[in-house]
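Subject: Structure for you to look at

Hello,

Here is the structure I said I would pass on. Please open it beside this email and follow along; my notes are below.

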Amino acid sequence: MKFMFSLFRFLFKSSPRQSAAAASQSSSYLLVPELAQMQQQLLAAFRMFPDFVSRTLPTQPSIGVFYLSQLVDDDVLLQALLQPLQQTDGSNTPERLAELLPSCELLPETDWETIQQYILHGWTYIHVQGHAIGVLANTAKIRERTLMKPENESQILGPQIAFTENLTTNIALIHQYLRDPDLCEISMKLGKKTQTEIRLLFISNRADAEIVKYIHDKLQALELAAVIDTTILVQWLEDSPSSFFPQAVTTERLDRAIFPLLEGKIVIAVDGSPHVMISPSTFLDFFKSIEDYYARWIIGLFLRGLRIIAIGISFYATAIYVAALTFHYEIIPQAVLVPLAQSRSRVPFPPLVEALMLETIIQLLSEAGARLPTKVGQTMGIVGGIVIGQAAVQAGFTSNILIIIVALSALSSFTTPILSMAFTIRIIRFPIIISAGLLGLFGMVFSTTLLVIHLLRLTSAGHPYFYPPYDIKEKNKRDGILRIPFPMAPKRSVFADMGGMPRKGSPDIDE
């Protein structure tokens, strides 16, 4: 009985309460003219930060400088702030300091939270004795890695530049490659704890104002505690977050972000993330590679068609094997029937269990290879696949024909340029295989019908997700399934604001 009571108290114990005095301690500070009182308040507010620095400069009137040493650039702090402040005369006022020092600006709002947020972002707060409003100086140290090649979206042709974790650098890269005065930016901050800066980029004379307003309003309506990465923000902005399919393309490539802007789409960049989000996106956008447009049209047509075929192979190759061996022996060619029967003669499992077991092993090898260090992961994927496959055939757990089919399905899923869609394809294979094992070809047709209906119901930023396979009002309205020559391609994307301009005949570059 005592044990049950202790267990009940452990499971249903109340959360610790915070006293009202402690809860209001951080918000009870006021901006006052006296430097000594402001110094005490700042030291109390940042008492949990060992690197918080409070300095008083021996000037007339006295000037207090407050900053976090780990976040500021020491050279900028010394050369652009401390030395000029010590050389000023006795007529120092916040307005005069903001005019004399190029890195300084007046405090935009007269509340304590503003000072705290700026200091936490690496700025320095300057308080002049006798003035209630201080000055802020941008002394933040920029920490970022150098520009590198894309790691997850590598290709041979095109610019070999990837985004970094610094928002300013990413925006500068976009402006460097897209020198258009109509390129607009909307800045906002999300996350009550992180105060992450978000940028919406679009070309004003191309982007549809309704799409821009739709995305902007959806961002404004979000009430998040933190925004860490673009891939997390995408899941909050999706029209159908419960769907398996990603509804917005995320990319680390610069050129993949430039092309959608020219189409009239919106690019969303998040500070601290090396990926940007492109919206709206369609189902076929996840199977397009920018390299299709760099290569000649016949090569791009072949590669894009190869990826479309790979979707079907990845979805249905293993499922057809299971359905044929379970219900439909008559569809197996006679020349294949004998070696197939010989390879399965020692297998003790039904085709459905055999296929699911081997698909699971392939997924385990893929996941292990991705999580291990690069060289070890490559060795693990190759050697592990060969050893496990050969051992499984010799032990009689699976047939060698199914190993070939499962390996082909796995290779087909890896041809998808966007990693999020590749993961989705790997997951969708399993319910199709199960339906084929339970109902045969009828189960495959039924599961495919449900899949297509689901895709038809999805939207991306309010636009049809399964476009252009349906809702085609004009022939060659959009460069979608086929990669056609540029002179024959539509000159204006369907996502762009027409503004009375015809789709053909203008020099605009379509996707």
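Helices here are DSSP runs of H or I with at least four residues, strands are runs of E with at least two, and both are numbered from the N terminus. In residues 401-425 the end C-alpha atoms are 22 Å apart, with 80% helix and 0% strand. Both spans come from an unreviewed UniProt entry, whose "transmembrane region" annotation covers residues 306-327, 377-395, 401-425 and 432-456. UniProt positions follow the numbering used here, feature names are shortened, and annotations may be inferred rather than shown by experiment.

Please note that this is a predicted model: local features need pLDDT of at least 70, and side-chain atom pairs count only at pLDDT 80 or more, while totals for chains, interfaces and linings use all residues. Residues are numbered from 1 along each chain as its sequence is written, and side-chain values use heavy atoms, with hydrogens and water left out.

Next, the helix pairs. The axes of H14 and helix H17 (residues 419-439) come within 10 Å and cross at roughly 170°; axes are lines fitted to C-alpha atoms, for helices over the stretch in contact, and angles run from 0 to 180 degrees between N-to-C directions. H14 and H17 are therefore roughly antiparallel (over 145 degrees; under 35 is roughly parallel, 65 to 115 roughly perpendicular, and the rest oblique). The residues in contact (heavy atoms within 4.5 Å) include Leu-352, Leu-356 and Gln-363 of H14 and Arg-426, Phe-430 and Ile-433 of H17. By class, the contact of H14 with H17 has 7 nonpolar, 4 polar and 4 charged residues. Ala, Val, Leu, Ile, Met, Phe, Trp, Tyr, Cys and Pro count as nonpolar, Asp, Glu, Lys and Arg as charged, and the others, Gly among them, as polar.

H14 (residues 351-371) also meets helix H12 (residues 297-326), with axes that come within 9 Å and cross at roughly 160°. That makes H12 roughly antiparallel to H14. Among the residues making this contact are Tyr-321 and Leu-325 of H12 and Pro-351 and Glu-359 of H14. The contact of H12 with H14 divides into 6 nonpolar, 2 polar and 2 charged residues.

How do H7 and H10 cross? The axes of H7 (residues 167-177) and H10 (residues 254-263) come within 10 Å at an angle of roughly 60°, and the two helices are therefore oblique to each other. Leu-173, Ile-174 and Tyr-177 of H7 touch Leu-254, Ile-258 and Leu-261 of H10. This contact of H7 with H10 has 6 nonpolar residues, no polar and no charged.

Now the rings and the backbone. The structure holds 13 aromatic pairs (rings of Phe, Tyr and Trp, its six-membered ring, with centres within 6.5 Å; planes under 30 degrees apart are stacked, over 60 edge-to-face, the rest tilted). The ring centres of Phe-283 and Tyr-465 are 6.2 Å apart and the planes are at 70°, so this pair is edge-to-face.

Most residues other than glycine have a negative phi, and most peptide bonds are trans. The bond from Gln-60 to Pro-61 is cis, with omega near -5°. Another cis peptide bond joins Ser-279 and Pro-280, with omega about -5°. Gln-195 has a positive phi of about 50° although it is not a glycine.

Regards
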